[in-house]
Amino acid sequence: MFRILKKSLKTGVVTGQHPAAAPLEETSTSEAKEKARPFRSSLAFRAVDTGSCNACEMEMNALANPVYDIERFGIHIAASPRHADALVVTGPVTVNMEHALKDVYQQTPDPKIVIALGDCAINCGVFKGSYAVTGPVDRHIPVDVRIPGCPPRPVNILNALQELRKGSDKG
Amino acid sequence: MTETRFYDEELKVAFPLIVQDEAAKGEFSHFLVPKDLLPAITHHLHTQPSLHGRLTLLWAVDNRPIRDAYGLHYLFTLGASRSWVVLSTELAEGDRLFPSITPHIHAAMWYEREIRDMFGLIPQGHPDLRRLVRHEHWPKGTHPLKKNFPWDHVLGRQQGEHHFRRIEGEGVFEVPVGPIHAGIIEPGHFRFSVAGEPIMQLELHHFWTHRGVEKLFEQQTLTAAVPLAERVSGDTTIGHSLAYCQAVESLLHIEVPRRGRYLRSLFLELERLHNHLGDVGAICNDTAYALPHAHCGRMKEQIMQLNDKLTGSRFLRGVNRVGGVEIDLTVAQLAEVVAEMDHIEKDFSELELIIIHNASLTDRLETTGVLTERTAWDHAVVGVVGRASGLDQDLRRDRPFAAYDELPVKVVNYRYGDVRARIRVRMDEIHESMRLVREIRLKLPQGPVAVEPSRRAQAREWALSAVEGWRGEILYMVMAGENGTIHRCKVRDPSFANWPAIQQAVLGNIIPDFPLINKSFNLSYAGNDL
């Protein structure tokens, strides 16, 4: 017990100790922002890997570590699509995952936001053209937000999610 | 070398019909074997106490259009000397059958099913010929790695259902899990059969993330395919790109400069560190002990930020290239790396005491998910999982690559094969990696970090390469095509060897312990599915 307390005191606050984000191009359109209006104070997302190399997954997991601590912005990771407001889809949509992706989309309640995370989800990346790849994601389900990068840094994902919920210029 | 000769002679005496290919004498012994002799000779290699051969890799090559023949190659690592023996055979003129070795070498199970799916060659006598990579909806008679299969053509679907092995009886239930899981992890399907709490059977149904990586390699040139290798399994960027580069370098007869080799070792250890730190935390988290998870997540983040600062990529992408590395480090950067190591090591040692002294955690980890040494050996398990089950193997020591011939590695070994042993292996390896980083800084020679390739690879020449990544042995077999293209690239992530073993490790455990056992293996889906 004493060890644990000492460790916690010694460590202090680490949240926010990361380099600033590189400015990305516009990731979400004003329509997407309008769609995200109900989720401004709380957003639960479900991650769907459709053939990613696992790097995007690691960066999403990093969002939950104490340095980024995504929960303090009201963003949660949902365990089931039925609890989700948004789907974060990674990977180039493999032939074997195509039906699973469509199922998940069906199972997510409306209104919902689809976020394509990483280059593979946006344009199939290095796997483009393969016999086993049917993507990108927007060939199968409508995509609202695109976060580029191979993989995108956690801070960029965080910023994109924040920007999405900031509201459009109209108000 | 003399020991290798001894094996060679013994094999030739026992099987007079095999022919030794003298060209390959340096790296491994190579024998051409008539296909009917395969079961006998592999059995001999595997069971003879003086040889004690472990099936390390099994791959096929479509040799068309040059010759209408398929090549089959079996790589064994021999017990004490860790030397390699490759057996090759050829299926010519419409022959699509080869004898299965699975009945006496269990580790060949998935390799032979994979060859059947990808090449349409039938392993005769294989106990389980269900599909592996191509799920049942793939049309009949389509085999992607055949040379006449178009790389960019997505096929239609047919009706089909995967048949799981069934246990029937009163009170036996099946629990399906996946392919999409509750946490942020990759897709895979697990089918449990339980009676009451304990798991009676687990069957894996994977390959959801099959992206056609090996076929994509064949569309690339030898020197340009490094970015693809980096993305075979994203968490093992350095491991995969290094194994790929080494194979190509031996095809192009490139000698990587010493400084380049040292830097490769340095980056490989950094990759091992951030992954092991993440795993230690995640294992604790799966017992609902969140505190070490938070601390480990913080330390892992520190190393990934360090990676980013040094190379511009948190995953160390773009570091390796054919001929060496892209990035050289300054004296100041090296000092920063070592300072960071000292800092994190102190931090981690304090956390380690917290973890080890928690009795309720130990209670969850001990005797959970036991993989016995015998089962591990039968499955030819590699890497962290193998070392936790008493298999004393580590390529950094056994077949030194990069700069490990000048950096002796203390190989961690535990015997119990439970989750606790697997977390202990990782903890000890974290300290060893940090020690290696310090040693690399002291020994780092001056000079260039890369050389340009000057020669061309001869078509149909092939090379093997092996790297001890953070999960375990990563193997690449690269065969050159015409004009610097790739004719065939066989990729073997350690996960492919280790996944089947998890089916044995969970037996008798309860389903709530499965996430914990799975985490302690922490295998890649992307690297397995290719």
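In the predicted model, the side chains of B:Arg64 and B:Asp62 meet in a salt bridge with an N to O distance of 2.9 Å. Both B:Arg64 and B:Asp62 are buried. A second salt bridge of chain B pairs B:Glu269 with B:Arg396, their closest N and O atoms lying 3.1 Å apart. This pair links distant parts of the chain, with B:Glu269 in helix α7 and B:Arg396 in helix α13 (residues 395-398), 127 residues apart. B:Glu269 is buried, at a relative accessible area of 0%, and B:Arg396 is buried as well, at 3%. Through shared partners, salt bridges join B:Glu269, B:Arg272, B:Arg387, B:Asp394, B:Arg396, B:Glu429 and B:Glu468 into one network.

Over all chains, the count of salt bridges comes to 57. In chain A, one of them is formed by the side chains of A:Glu163 and A:Lys33, with N to O at 3.8 Å. Here too the pair links distant parts of the chain: A:Glu163 belongs to helix α6 (residues 154-166) and A:Lys33 to helix α2 (residues 30-35), 130 residues apart. A:Glu163 and A:Lys33 are both buried.

Chain A contains 6 helices and 5 strands, which follow one another from the N terminus in the order α-α-β-α-β-β-α-β-α-β-α. Its radius of gyration is 17 Å, close to the 16 Å given by the globule rule for 171 residues, so chain A is as compact as a globular protein of that length. Along the principal axes, the C-alpha atoms of chain A fill a box of roughly 55 × 40 × 30 Å. Of its 171 residues, 56% count as buried. Among contacts in chain A between residues at least 6 apart in sequence, those joining residues at least 24 apart make up 86%.

The loop between β1 (43-49) and α3 (55-63) of chain A holds A:Ser52. A:Ser52 has a relative accessible area of 2%, under the 20% cut-off, and is therefore classed as buried. The side chain of A:Ser52 reaches the backbone nitrogen of A:Asn54 at 2.9 Å. Leaving aside residues up to four places away in sequence, A:Ser52 touches A:Glu57, A:Thr90, A:Gly91 and A:Pro92, as well as B:Glu186 and B:Ala526 of chain B.

The contact between the two chains draws 61 residues from chain B and 55 residues from chain A. Together the chains bury about 4,500 Å², of which 62% is on carbon and sulfur atoms. On the side of chain B, the most area is lost to chain A by B:Ile180, B:Ile184 and B:Arg211, which together account for 17% of what that side buries.

The elements giving two or more residues to the side of chain B that touches chain A are α4 (213-217), α7 (258-285), α8 (290-311) and α9 (331-356) of chain B. The most is given by α8(B), with 10 residues. By residue class, the side of chain B that touches chain A divides into 28 nonpolar, 17 polar and 16 charged residues.

Definitions and conventions. Residues numbered from 1 in each chain as written. Chains lettered and ligands numbered in written order. Predicted model: local features only at pLDDT ≥ 70, side-chain atom pairs only at ≥ 80, totals over all residues. Heavy atoms only, no water. Contact = heavy atoms within 4.5 Å. Buried area = accessible area lost by both parts, 1.4 Å probe. Helix = DSSP H or I, 4+ residues; strand = E, 2+ residues; numbered from the N terminus. Nonpolar A, V, L, I, M, F, W, Y, C, P; charged D, E, K, R; others polar. Rg over C-alpha atoms; globule rule 2.2 N^0.38 Å. Buried < 20%, exposed > 50% of the residue type's maximum accessible area, 1.4 Å probe, protein only. Polar contact = N/O pair within 3.5 Å; in protein donor to acceptor, adjacent residues only side chain to side chain. Salt bridge = Lys/Arg side-chain N within 4 Å of Asp/Glu carboxyl O.
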